[in-house]
Protein chains: 2
Amino acid sequence: MSYLGVGISPGNVAVYHGGKMKVVDRRLRLTELLLRCSVTALAFLGLILIVTDTQVKKIFTIEKRAKYTNMKSLVFLVVANGIAAVYSLLQSVRCVMGSMKGSVLFSKSLAWAIFSGDQQAMAYMSVAAIAAASESGVIGIRGEEELQWMKVCNMFGKFCNRGAGGVASAMLASLAMVLVSCISAFSLFRLYGATTQRPPNLAVVK
Amino acid sequence: MSYLGVGISPGNVAVYHGGKMKVVDRRLRLTELLLRCSVTALAFLGLILIVTDTQVKKIFTIEKRAKYTNMKSLVFLVVANGIAAVYSLLQSVRCVMGSMKGSVLFSKSLAWAIFSGDQQAMAYMSVAAIAAASESGVIGIRGEEELQWMKVCNMFGKFCNRGAGGVASAMLASLAMVLVSCISAFSLFRLYGATTQRPPNLAVVK
């Protein structure tokens, strides 16, 4: 009895089982597509918010400009967001093509590639980039007195608020990416499994 | 035909298939145990290296002491390492108990709990803690000139080197945790799958 409805039982059970599973598969594919589109949109929004974030302050005659390139972790976040947005866009196209063809992911090598890309590359990279940017943000807001790293957000409040918006958007994208990586883990590892119940209409021929 | 060798075919094929899979299962369980033990050891080593890391410098008459509590991200890393070490120790005990009983993970709810703990909590938390600590480390080594966050590692070299050792140890623990989370994803999602080939010695009874 196959999960994918193409297995060893062409009888009533398989029809019921396959039908039920096809519905689950369709919902899963739709959820995956929605999540991937969300990642693209949110990562792109985060990127735009950070790249366009700038503030100028005049201290006596000296003009000071805050921009994202002043913080290496924000540059890393912009790069990570860009990669995540493009990757998720391409994966969304693959999902739509797969849905139009009505095909189910059978190939283990493709499933491994998607799982590796989603989880090992994208999800962990996003989490790392956000954590690094958040750390810089916390130092910017609260400072590290002992190390004499001073607060900058009391001086560049607008810059910090907009940057926080960008990080929040990237966080939501990362959350969606983590959920996507669970779906791709499911799509991969179910190919290695088997149902453990004995179908009522199957017998063994020796 | 069951992946776990307890399914619908008690004949020759099932014996061969079950035997082959039992070997895979045993190897997987051993790998999981080794990885979990590595996480415990490396996370604990990282914790010790960071907690005991301290350096005193005398600048004229003023004594300056560098310690991990000066950097919030190192405190976060210590907490994350502590949680990862204890969690992995408990999971190692579960693995050993499972191996002694010779039991295989059948329960979906337990598999979900382990998967959630391994991946969603531990792996992502470790990656985030390391990224935040690394960001602080990079600022400590290179500074952020534009923000007037000065280098501190030229002054507290010994402290920084030992801290880097702690972060490296935590990184290896995190890598092992990521691999463990792949195994737990496999153990969970294979419960939802089925083999797609028709076993040669099975027929349909209508």
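Which residues is Tyr68(B) in contact with, leaving aside its neighbours within four places in sequence? They are Ile50(B), Val51(B), Asp53(B), Leu74(B), Val75(B), Val78(B) and Phe159(B), where contact means heavy atoms within 4.5 Å.

Some ground rules before going on. This is a predicted model, in which local features need pLDDT of at least 70, side-chain atom pairs count only at pLDDT 80 or more, and totals for chains, interfaces and linings use all residues; side-chain values use heavy atoms, with hydrogens and water left out. Residues are numbered from 1 along each chain as its sequence is written, and chains are lettered from A and ligands numbered from 1 in the order in which they are written.

Back to Tyr68(B). This residue sits in the loop between strand E2 (62–67) and H2 of chain B. Helices (H or I, at least four residues) and strands (E, at least two) are DSSP runs, numbered from the N terminus. Between Tyr68(B) and Cys160(B) there are 92 residues in sequence, yet 9.9 Å in space, C-alpha to C-alpha.

Next, H2(B) itself, residues 72–101. Its 30 residues should span 44 Å at 1.5 Å a residue, and the end C-alpha atoms are 44 Å apart, which agrees; the expected span is 1.5 Å times one less than the number of residues. Just after H2(B), Gly102(B) has a positive phi of about 75°.

Now the packing of H2(B) on H3(B). Their axes come within 9 Å and cross at roughly 150°. Axes are lines fitted to C-alpha atoms, for helices over the stretch in contact, and angles run from 0 to 180 degrees between N-to-C directions. That makes the two helices, H2(B) and H3(B), roughly antiparallel. On the wording: angles under 35 degrees count as roughly parallel, over 145 as roughly antiparallel, 65 to 115 as roughly perpendicular and the rest as oblique. The residues of this contact between H2(B) and H3(B) divide into 15 nonpolar, four polar and two charged. Here Ala, Val, Leu, Ile, Met, Phe, Trp, Tyr, Cys and Pro count as nonpolar, Asp, Glu, Lys and Arg as charged, and the others, Gly among them, as polar.

H3(B), residues 108–142, also packs on H4(B), residues 157–189; these axes come within 8 Å and cross at roughly 155°. H3(B) is therefore roughly antiparallel to H4(B). By class, that contact of H3(B) with H4(B) has 18 nonpolar, seven polar and two charged residues.

How do H2(B) and H4(B) pack, and at what angle? The angle is about 40°, with the axes 11 Å apart, and H2(B) and H4(B) are therefore oblique to each other. In H2(B), Leu74(B), Leu77(B), Asn81(B), Tyr87(B) and Ser88(B) meet Phe159(B), Val167(B), Ala170(B) and Met177(B) in H4(B). By class, the contact of H2(B) with H4(B) has seven nonpolar, two polar and no charged residues.

One backbone point. Most residues other than glycine have a negative phi. Gln148(B) has a positive phi, near 60°, and is in the loop between H3 and H4 of chain B. In chain A, phi of Gln148(A) is also positive, near 60°, and Gln148(A) lies in the loop between H3 (108–142) and H4 (157–189).

Last, chain A in the record. An unreviewed UniProt entry lists residues 33–52, 73–90 and 163–189 of chain A as "transmembrane region". In the model, residues 33–52 of chain A are 95% helix and 0% strand, with end C-alpha atoms 29 Å apart. Residues 73–90 of chain A are 100% helix and 0% strand, with end C-alpha atoms 26 Å apart.

Conventions: UniProt positions renumbered as here; feature names shortened; annotations may be inferred.
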